[in-house]
Amino acid sequence: SPLWFALCVASFSISPSDCARVGIGGAHDAVTYTNGIRNNQNVCLTKGCAKAATAMLEMMDATVDPCSDFARFACGGFHDKTIIPDDKSRVNQFSVTADDLEQNIRKLLNEDITDDDSEATRMVKTYYNTCMDT
C-alpha cells in the first residue's frame, strides 16, 4: 500500500527500491506448498524488507494471545519501548515516524551540495542553509 511504502522509506531510511514489493498475499501472488508449508514466491527478501520486518516484530508483543488482546499483541512492544519526551503529551507510531522523517530531512538539507544533486535539491539546500545562517 502507499502508506506502507511511505512509512518504510521514511521510518527506516532505506531506498524506495528496497520497499518495492512486500508480497502480502493476494490473488496475483504465486503461492505453492512444500511439505504442507506455504511458500509465497513474492516475498521481499532485501535488506530493507528484512529491516522493516524486524522493526514491525519489535513493535509487537508475541507473548500475548491476539484473540484475547489484539491491541497489546500488535502494539505491546511499542508501548513498552517508547518513552514520551518531555515536550509531548503522547506518542504514537505516526508521531515517531514524523519525528524520524524530520530528522532525515534535516540531515539531507545540511549535507553539502554535490554535483549529483538535482537543481531542485540544490535550491532547497541553499534556501534552507541561508535561513539557518541567521
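Trainee: What does the accessible surface of the protein chain come to, and what percentage of it belongs to carbon and sulfur atoms?
Mentor: Accessible areas here come from the Shrake-Rupley method with a 1.4 Å probe, and for residues only the protein chains shown count as cover. The protein chain has about 10000 Å² of accessible surface, with 60% of that belonging to carbon and sulfur atoms. Before we go on: this is a predicted model, so local features need pLDDT of at least 70 and side-chain atom pairs count only at pLDDT 80 or more, while totals for chains, interfaces and linings use all residues. Residues are numbered from 1 along each chain as its sequence is written, and side-chain values use heavy atoms, with hydrogens and water left out.

Trainee: How many helices and strands are there, and in what order do the elements run?
Mentor: Helices (H or I, at least four residues) and strands (E, at least two) are DSSP runs, numbered from the N terminus. The protein chain has 5 helices and 2 strands. Reading from the N terminus, you get α-β-β-α-α-α-α.

Trainee: What percentage of the residues count as buried?
Mentor: Buried means under 20% relative accessible area, exposed over 50%, and partly exposed in between (1.4 Å probe, protein chains only). Of the 134 residues in the protein chain, 22% count as buried.

Trainee: Which residues of α3 are buried, and what do they pack against?
Mentor: In α3 the buried ones are Phe73, Gly76, Gly77 and Phe78. They pack against α2 (47–59) and α4. For contacts, think heavy atoms within 4.5 Å. On the chain level, among contacts with a separation of 6 or more, 22% are between residues 24 or more positions apart.

Trainee: Where is Cys75, and how far is its C-alpha atom from that of Gln93?
Mentor: Cys75 sits in helix α3, which covers residues 70–81. Cys75 counts as partly exposed because its relative accessibility is 35%. Its C-alpha atom is 9.4 Å from that of Gln93, 18 residues away along the chain. Lys81 also has its place in helix α3, and Lys81 is exposed, at 53% relative accessible area.

Trainee: How many salt bridges does a search of the whole structure find?
Mentor: The general idea is that side chains of opposite charge can pair when their charged atoms come close. The cut-off is a side-chain nitrogen of Lys or Arg within 4 Å of a carboxyl oxygen of Asp or Glu. By that rule, the whole structure has 5 salt bridges. One of them joins Asp80 and Arg72, whose closest N and O atoms are 2.7 Å apart. Asp80 is exposed at 54% relative accessible area, whereas Arg72 is partly exposed at 24%. Asp61, Arg72 and Asp80 are linked in a salt-bridge network.

Trainee: Which parts does the salt bridge between Lys88 and Asp99 tie together?
Mentor: The Lys88 and Asp99 side chains meet at 2.6 Å, N to O. Lys88 lies in the loop between α3 and α4 (93–110) and Asp99 in helix α4, so the pair ties together parts that are 11 residues apart in sequence. Lys88 is partly exposed at 27% relative accessibility, and Asp99 is partly exposed at 30%.

Trainee: Are Asp117 and Lys125 buried or exposed?
Mentor: Both Asp117 and Lys125 are buried, and their side chains form a salt bridge at 2.8 Å, N to O. Asp117 is found in the loop between α4 and α5, with a relative accessibility of 15%. Leaving aside neighbours within four places in sequence, Asp117 contacts Asp112, Arg122 and Lys125.

Trainee: At what angle do α4 and α5 pack?
Mentor: Axes are lines fitted to C-alpha atoms, for helices over the stretch in contact, and angles run from 0 to 180 degrees between N-to-C directions. Helix α5 (residues 119–132) packs with α4 at about 95°, with the axes 9 Å apart. That makes α4 roughly perpendicular to α5; angles under 35 degrees count as roughly parallel, over 145 as roughly antiparallel, 65 to 115 as roughly perpendicular and the rest as oblique.

Trainee: Which residues meet there?
Mentor: Arg106, Leu108, Leu109 and Asn110 in α4 meet Val124, Lys125, Tyr128 and Asn129 in α5. The contact divides into 4 nonpolar, 2 polar and 2 charged residues. Here Ala, Val, Leu, Ile, Met, Phe, Trp, Tyr, Cys and Pro count as nonpolar, Asp, Glu, Lys and Arg as charged, and the others, Gly among them, as polar.
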